[in-house]
Amino acid sequence: MSISKIISTLFNKKEDDEGQKQISLIEQIRLSMNNLVQKTDSLNDSWQEEKASIKAIYEATLTMKPCQEILGSKFEQDILGYITAVSSACDGVIAGKQDVDFKGKLHSLQTSVNQRLVMK
């Protein structure tokens, strides 16, 4: 095999790996959102609006397509962080803690998902 073919193969492999990374981030977002939807089923009826928002966010993540821009990956990483924050806040609400900023964290998640969805 010639050197140019080896280099070409390496660069094509790197591009394929980057595409898989973006797809795996989106899949991870979807799995995490699905887990969050299931967790919110434990919330009482006073959280119906938030439960509906989380389900809507989950459904929106199902429409995400891979994006080749670095900013898309940043949003995806941010989304995963916000999902973790919302999940932790949800745990606090379920445990009866009063000082949890569940709604604020949920709003941040929604904003980040909306920003990522705009990207093509």
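Student: Where do I start? How many helices and strands does the protein chain have?

Tutor: Start with the elements. The protein chain has 4 helices and 0 strands, and from the N terminus on, the order is α-α-α-α. Please keep in mind that this is a predicted model.

Student: How are two packed helices described?

Tutor: Two packed helices are described by the angle between their axes and the distance between the axes. Take helix α2 (residues 48-61) and helix α4 (residues 102-118): their axes cross at roughly 20° and come within 11 Å.

Student: Are α2 and α4 roughly parallel or roughly antiparallel?

Tutor: Angles under 35 degrees count as roughly parallel, and α2 and α4 are therefore roughly parallel to each other. Their crossing is left-handed. On the α2 side, the contact is made by E50, S53, I54, I57, A60 and T61, and on the α4 side by F102, K103, L106, L109, Q110, V113 and L117. Sorted by class, that contact has 8 nonpolar, 3 polar and 2 charged residues.

Student: Now α3 and α4. At what angle do their axes cross?

Tutor: The axes of α3 and α4 cross at roughly 160° and come within 9 Å. Angles over 145 degrees count as roughly antiparallel, and α3 and α4 are therefore roughly antiparallel to each other. This crossing is left-handed too. Among the α3 residues that meet α4 are F75, I79, Y82, I83 and V86, while the α4 residues include F102, L106, L109 and V113. By class, this contact divides into 13 nonpolar, 4 polar and 4 charged residues.

Student: What tends to happen to nonpolar side chains?

Tutor: In soluble globular proteins, nonpolar side chains tend to be buried together. Here, the largest nonpolar core has 23 residues, and M33, I54, F102 and L109 touch the most other members. The elements giving two or more residues to this core are α1 (3-40), α2, α3 (70-94) and α4.

Student: Which helix gives the most to this core?

Tutor: That is α3, with 7 residues.

Student: Could we follow one residue? Which residues is L109 in contact with, leaving aside its neighbours within four places in sequence?

Tutor: L109 is in contact with M33, L36, I57, I79, Y82, I83 and V86.

Student: And what about the whole chain? What share of the residues is buried?

Tutor: Buried residues make up 32% of the 120 residues in the protein chain. As for contacts with a separation of 6 or more, 80% join residues 24 or more positions apart.

Methods:
Residues numbered from 1 in each chain as written. Predicted model: local features only at pLDDT ≥ 70, side-chain atom pairs only at ≥ 80, totals over all residues. Heavy atoms only, no water. Axes fitted to C-alpha atoms, helices over the stretch in contact; angles between N-to-C directions. Parallel < 35°, antiparallel > 145°, perpendicular 65-115°, else oblique. Left-handed = near helix turned anticlockwise from the far one by under 90°. Contact = heavy atoms within 4.5 Å. Nonpolar A, V, L, I, M, F, W, Y, C, P; charged D, E, K, R; others polar. Core = buried A, V, L, I, M, F, W, Y, C linked by side-chain atoms within 4.5 Å. Buried < 20%, exposed > 50% of the residue type's maximum accessible area, 1.4 Å probe, protein only.
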